[in-house]
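Please look through the sequence and the structure shown here before reading on. The briefing that follows goes through the strands, the helices, a cavity and some loop residues in turn.

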Amino acid sequence: MLEDLARALFEEETEGMTETHCTALQRVRFSAAFPILDLGFEAPNMVPLRLQLNAQRYNAEAPAITLCDWEGVPFKTLPRSGGIFNNSLHEATRLPFICMIGTNEYHTHPSHRGDNWSQYRDSRTLAALVYQIQQGWQQTWRR
């Protein structure tokens, strides 16, 4: 039941993330097949970034995000850090992570366990999350 609800919400929220829409926003959509939304950001003078958002338990849990190089290999160390990009290793994934409300890594980190996802989930969407991450990327990942 939870997977059916997660799938329906995922499909509804990613429906408008077409290749044309993503290209206009300097995004590359690698795929959007439940439960993974695989997007990349690239622009002149920027270090490219690829995100793999796992929405397996969305919206009961915030989506988990893996930060990857352009080939889809998870970063062990980020080429740029600061802002929302945390180069320390998350205790659950043992990978660098995005430390931002709306990500599973934020809400499960020992520093933020009191900031429960349930108080945000009705006001957050995957599109808004991607937008916020892209804004953080534009501020932090300049060459």
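## Briefing on the predicted model

Strand β1 (residues 27–33) and strand β2 pair in the antiparallel sense over 6 bridges, where two strands are said to pair if DSSP finds at least two bridges between them. Helices (H or I, at least four residues) and strands (E, at least two) are DSSP runs, numbered from the N terminus. This is a predicted model, in which local features need pLDDT of at least 70 and side-chain atom pairs count only at pLDDT 80 or more, while totals for chains, interfaces and linings use all residues. Residues are numbered from 1 along each chain as its sequence is written, and side-chain values use heavy atoms, with hydrogens and water left out.

**Strands**

- β1 and β2 form a hairpin with 2 residues between them; across this pairing, V28 stands opposite G40 in β2, and A33 stands opposite I36 in β2.
- β2 also pairs with strand β3 (residues 49–54), again in the antiparallel sense and over 6 bridges, and here L39 has L51 of β3 as its bridge partner.
- Of the 6 residues of strand β2 (residues 36–41), 5 are buried, so this strand is largely enclosed by the rest of the structure. Buried means under 20% relative accessible area, exposed means over 50%, and partly exposed lies in between (1.4 Å probe, protein chains only).
- As a general point, the side chains in a regular strand alternate between the two faces of the sheet.

**Helices**

- Helix α1 (residues 2–14) has 13 residues, which at 1.5 Å a residue should span 18 Å, and its end C-alpha atoms are 18 Å apart, which agrees. The expected span of a helix is 1.5 Å times one less than its number of residues.
- The buried residues of α1 are A6, F10, E13 and T14. Seen down the axis of α1, these buried residues fall within an arc of 90°, so they line one face of the helix; the arc is that of the directions from the helix axis to the C-beta atoms.
- On the other side of α1, the residues D4, L5 and E12 are exposed.
- Helix α4 (residues 126–140) has 15 residues that should span 21 Å at 1.5 Å a residue, and the distance of 21 Å between its end C-alpha atoms agrees with this.
- In α4, the residues L126, L129, V130, I133, Q134, G136, W137 and T140 are buried. Viewed down the axis of α4, its buried residues fall within an arc of 160°, so they line one face of the helix.

**The cavity**

- The count comes to 1 cavity of 30 Å³ or more, and the largest cavity has a volume of about 40 Å³. On a 1 Å grid over the protein atoms alone, a cavity is a set of points where a 1.4 Å probe fits but cannot get out, and lining residues have an atom within 4 Å of a point. Grid points are joined across faces, edges and corners, and a volume is the space filled by probe spheres set on the points.
- The largest cavity is lined by Y58, P63, G102, W117, R124, T125, L126 and L129.
- The residues of this lining divide into 5 nonpolar, 2 polar and 1 charged, where Ala, Val, Leu, Ile, Met, Phe, Trp, Tyr, Cys and Pro count as nonpolar, Asp, Glu, Lys and Arg as charged, and the others, Gly among them, as polar.

**Loops and backbone details**

- A cis peptide bond, with omega about 10°, joins F34 and P35, and P35 lies in the loop between β1 and β2.
- The peptide bond from Y58 to N59 is also cis, with omega near 25°, and N59 lies in the loop between β3 and β4 (64–68).
- Q26, although it is not a glycine, has a positive phi of about 60°; Q26 lies in the loop between α2 (19–24) and β1 and is partly exposed, with a relative accessible area of 37%.
- R94, likewise a residue other than glycine, has a positive phi near 60°; R94 is placed in the loop between β5 (85–86) and β6 (97–98) and is exposed, with a relative accessible area of 51%.
- P44 has its place in the loop between β2 and β3 and is exposed, with a relative accessible area of 65%.

How values were computed: On a 1 Å grid over the protein atoms alone, a cavity is a set of points where a 1.4 Å probe fits but cannot get out, and a pocket is an open set with protein on both sides within 12 Å along at least five of seven lines; lining residues have an atom within 4 Å of a point.
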